[in-house]
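Colleague: I would like to learn how to read a model feature by feature. Please take me through one.

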Amino acid sequence: MKVTVIIEKAKDGYYSCYVEDDLPGFGLSGFGESAEAAKEDMMKTYQEMKEIQAEEGKEVPELEFTYKYDMQSFFDYFSFLNVSKVAELAGINPSLMRQYTSGVANAGQKQYDKIRVAIGKISKELSAATF
């Protein structure tokens, strides 16, 4: 079963993730001090839920996760990406991009679209690269 996980940074500085889709008989979420910690917490919860449901004679479907990040969570999780270089590739002022990733400013839809295209280009280039 394919599900979408939303990962976002809260105003208190912590990260949360949750399955956007309805699951049969349970919910699934995670929390942490980083996007990675929230994702790990959610996966631990998923494993625990599978064990609990198995003890009750119920099945939990195998889930295939797709992740949808807010700007801050994305650059926290993929911290190896150089924010300034991504900004240049997207045609956005690097200083403004750093404001987006720190939560000081919010990107509008046009800016999100530019960043999404730049990340897509990086993704394609990485998947085509070998050593």
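Modeller: Start with exposure. Buried means under 20% relative accessible area, exposed means over 50%, and partly exposed lies in between (1.4 Å probe, protein chains only). Lys58 is partly exposed, because its relative accessible area is 48%. Two notes on the source. This is a predicted model, where local features need pLDDT of at least 70 and side-chain atom pairs count only at pLDDT 80 or more, while totals for chains, interfaces and linings use all residues. Residues are numbered from 1 along each chain as its sequence is written, and side-chain values use heavy atoms, with hydrogens and water left out.

Colleague: What percentage of the chain's residues count as buried?

Modeller: Of its 131 residues, 34%. For area, we use the Shrake-Rupley method with a 1.4 Å probe; for residues, only the protein chains shown count as cover. The accessible surface of the chain is about 8500 Å². Carbon and sulfur atoms hold 51% of that surface.

Colleague: How many helices and strands are there in the chain?

Modeller: Both are DSSP runs, numbered from the N terminus: helices are H or I with at least four residues, strands are E with at least two. The chain has 5 helices and 4 strands. Their order along the sequence is β-β-β-α-β-α-α-α-α. The C-alpha atoms fill a box of roughly 55 × 40 × 25 Å along the principal axes.

Colleague: Which residues have the most contacts inside the largest nonpolar core?

Modeller: First the general idea. In soluble globular proteins, nonpolar side chains tend to be buried together. A nonpolar core is a set of buried Ala, Val, Leu, Ile, Met, Phe, Trp, Tyr and Cys residues joined through side-chain atoms within 4.5 Å. Here the largest one has 35 residues. Val19, Leu28, Phe65, Phe75, Met97, Tyr100 and Ile115 have the most contacts inside it. Elements giving two or more residues to this core include β1 (2-9), β2 (15-19), α1 (35-55) and α5 (109-128). The largest share, 5 residues, comes from α1.

Colleague: Which residues does Ile115 touch?

Modeller: Contact means heavy atoms within 4.5 Å. Leaving out residues up to four places away in sequence, Ile115 touches Met71, Ala90, Ile92, Met97 and Tyr100.

Colleague: Why does the length of α5 agree with its residue count?

Modeller: The expected span of a helix is 1.5 Å times one less than its number of residues. The 20 residues of α5 should therefore span 28 Å, and its end C-alpha atoms are 29 Å apart, which agrees.

Colleague: Which residues of α5 are buried?

Modeller: Gln111, Ile115, Ala118, Ile119 and Ile122. They cover an arc of only 100° around the axis, so they sit on the same side of α5. That arc is taken over the directions from the helix axis to the C-beta atoms. The face turned away carries exposed residues, including Gln109, Lys110, Arg116 and Lys124. Cover for the buried residues of α5 includes α2, α3 and α4.

Colleague: Which residues are buried in α3?

Modeller: Val83, Val86, Ala87 and Ala90. What covers them includes α2, α4 and α5.

Colleague: How many salt bridges does the rule give?

Modeller: The rule asks for a side-chain nitrogen of Lys or Arg within 4 Å of a carboxyl oxygen of Asp or Glu. The count is 3. Glu62 pairs with Lys50 at 3.0 Å, N to O. This pair links distant parts of the chain, 12 residues apart: Glu62 is in the loop between α1 and β4, Lys50 in helix α1. Glu62 counts as exposed, at 53% relative accessibility. Glu56 meets Lys58 at 3.5 Å, N to O. Arg116 meets Asp113 at 3.1 Å, N to O. Both lie in helix α5, 3 residues apart, about one turn of the helix.

Colleague: Is Ser16 buried or exposed?

Modeller: Buried, because its relative accessible area is 15%. Ser16 lies in strand β2. Its contacts, not counting residues up to four places away in sequence, are Ile6, Ile7, Glu8, Gly30, Phe31 and Ala38.

Colleague: And where is Thr66 placed?

Modeller: In strand β4. Thr66 counts as partly exposed, at 44% relative accessibility. Beyond four places in sequence, Thr66 touches Val3, Thr4 and Val5.
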